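Dear colleague,

Please find the structure below.

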Amino acid sequence: MLGKGRVLAKRGMVVCKLSVLLLAVMLGAHPGISQELPEWKMDSIRLGVKNLLNHYQLIHNQINATADPAIEREFINLFSNPKVLIVNEIDQDSPSQEISAQNYVSLLPTLFPEGLTLDFNMNRILVSRPKYDFNNRYLVNVWLEQSLMGISKGKALANRHRIVVTIGFNFLDGKMSGWEIWGIALPPKSQTYLTVKLSPSLGSLVNQSVDQDERFNLEPGLGYAGGVGLMYLINSHLGGQLGIRYAHYQSSLTLDHLDPHGGFDPHLEQVNYHTRFWFVEMPIGAAYKITLARRLNALLGAGISPGVRLFESFTSSAVNSNSRSRQTGVISDSQWIDGLTRFNLGFYSELSIMWQLRQNTAFMIGVDFHHGLTSLGEVEQPDYVNSRYQGLYNPIWRSPDSNNLLRSLGITIGVAIQIESKKE
Amino acid sequence: MGRNLRILTLLLPLSLLLTLSGCFETDNPPQLEVSVIDQDSLPVPDAYVTLFTSQQEWRQLENPVQAWRRTGLEGQVLFIDLKETTYWIYCRKGDQDNSFDEITTQGDLKLNQRAHVVVHLR
C-alpha cells in the first residue's frame, strides 16, 4: 500500500507533466511551430518583399488631393484587407498610434493635399524567416528604414525611422504568390507591465522521510497568495519579472495512532498535525510572452522565489480510543518552530493566458507552481526513529537527515497593466 | 490610468485583508511546566510525563490529555495548548514514579498562565 505522501508526490509529478503538456499544446497552437516549414530560398522571398514594397512606395507617393480615386483603391488592394493597421504618422491630432489602411488613405489627401513622399531604404532590409499562418499562407516580418516628407496645414513633416512591415504570401507547389501587407508598425523596444495577482492554491509541507513513510498521510491544504510585480519585456517576447507576494501555506499530516511507550498507552488515534505558514516572497525570474491571437497572449515565467517566514501556527488533535471524542492540543511541542529556518528559497514556474481587455490592461488567468529548493530546517534527534509514533517528536519537523520543503500549485487570477511602452 | 489606479486601490486592500485574516490570536491557552527531580532533588532527564483531568484516570493511567512528553537534561517538560481545568500529573522513569504522591495543579489553570509543578520520583 502506498502512503498518501507518496501518492501526493506522484500527483505532483502528474501536475508537472500536465503543465508541460499544456505548454506543448499551447506552443502547438502557435503559428509557425505547428507546421513543418519548407526549405526557403530567402533571396526569392527578399525579391518578392522588395517588389511589394516598391509597389507600395510608388502608389503611396501618387496619393494627393487631385489623384484618381482608382489610386486609392489600388493602395487598399496592397493590404490583405482595408482594416489592416498601419503606423499613424499623418494625423498628429489623433491619440491612436495606429490607424486602418482605409482611414489612412482617406485622411492622407485631406491632411497632405500635395501628397506625402515616402522613401524606403531598400539597401538595409531585414527579412525574417516565414512563419506558417493558414491555408498555405506564410507571414514574414520585414525591418527597414523609411523616410517621410510632406506639408500639412502649412507645417512640414520630415521624419526617418525604422518600421516593421508584416507581409503575407501564398506558397503552393514551390511557388510564391499573392503578396499582401498584413500590418505596418513601429518595432517594439520594451514594455513594462504592473501585475496584480491573487492565487488560491493547494499547498503542502513536504518532509522527505514522512513522504516515504506509509504510516503517515500527508494532506495538502488550501492556501493563497497575493502580490504585485513588475514585468519588463526587452522586446515583444522576452523579459524578466520581479515581484513581492504574501503567501499562506498549510497542510496536515495524519497518523493512525500513537504507539504505547514507556509502559503507557496514550490511547490516541487518528492523530492530526496541522501546520500553517505565512511568508513574504520575492519571486524574480524570466518571462516569455507568446502572441496566440490578436488580443490573446500566453505568458510563461520561471525563476527563483526567496521568502521570509512571518507567522506560523501548529495545532494537533486526536481521537481518544476510550471516549471516542476528538481532543485538541494532543502534541505539546512548544519548540516546534525553533529548528526551522526563517529564510526559504524556492523555484516557481507559471503559465498564464492574458486577455487584452483594453489597450493597456489585460486580464490574466493561469496556473503557478512553487517548490522549495532549500530545507525549512532539520533537527538532529538520535531517537527520532523510535519515538516519532509516540508523539514525542513532531514528525513534520523533527526528523534528521531529511528536508522539509514547501510545495504549492495554484490558480492565478490577475490583471496586467502596461505602464510603459517604448518603440524605436 | 485613472481606472487602472481604481482597480489597484480595490485589489490591494482586498488581498491584504485576505492574507492577514487568521494571523492573530487574542489569548494563549494555559501552559504547564513540570520539573521532575529525584530523592536527592537532582533533575531527572528522560522521564516520561503526562497529564490527566481526573483522579480516577490518574490512578488507572487511562485517557491522558496529551501524548507523553519526556523531560530534557534539566528534568523539565512544558505542556502547551491546555484547557482551563485542573490536571493530575504522572511521571515515571524506570521503576520510579509518583504513583504514591497525588500531584495536581493548584486549581484550574487560567488563560495566558504558565503554571509550574515539581514532582519527586521515588
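The pLDDT is the predictor's confidence in each residue, from 0 to 100, and a contact means heavy atoms within 4.5 Å. This is a predicted model, in which local features need pLDDT of at least 70 and side-chain atom pairs count only at pLDDT 80 or more, whereas totals for chains, interfaces and linings use all residues. Residues are numbered from 1 along each chain as its sequence is written, chains are lettered from A and ligands numbered from 1 in the order in which they are written, and side-chain values use heavy atoms, without hydrogens and water.

Confidence

Chain A has a mean pLDDT of 83, with 85% of its residues at 70 or more. Over residues 1–9 of chain A the pLDDT stays under 50, and the model has 20 contacts beyond four places in sequence for them. Residues 19–34 of chain A are also below 50.

Helix α2

Helices (H or I, at least four residues) are DSSP runs, numbered from the N terminus. Helix α2 of chain A covers residues 42–60 and reaches 26 Å from its first C-alpha to its last. Its buried residues (under 20% relative accessible area, 1.4 Å probe, protein chains only) include A:Val49, A:Leu53 and A:Tyr56.

Nonpolar cores

A nonpolar core is a set of buried Ala, Val, Leu, Ile, Met, Phe, Trp, Tyr and Cys residues joined through side-chain atoms within 4.5 Å. The largest has 45 residues, and α2(A) gives the most to this core, with seven residues. Apart from it lies another core of 26 residues, among them A:Val206 and A:Leu253.

Notes
Helices (H or I, at least four residues) and strands (E, at least two) are DSSP runs, numbered from the N terminus. The expected span of a helix is 1.5 Å times one less than its number of residues. Buried means under 20% relative accessible area, exposed over 50%, partly exposed in between (1.4 Å probe, protein chains only).
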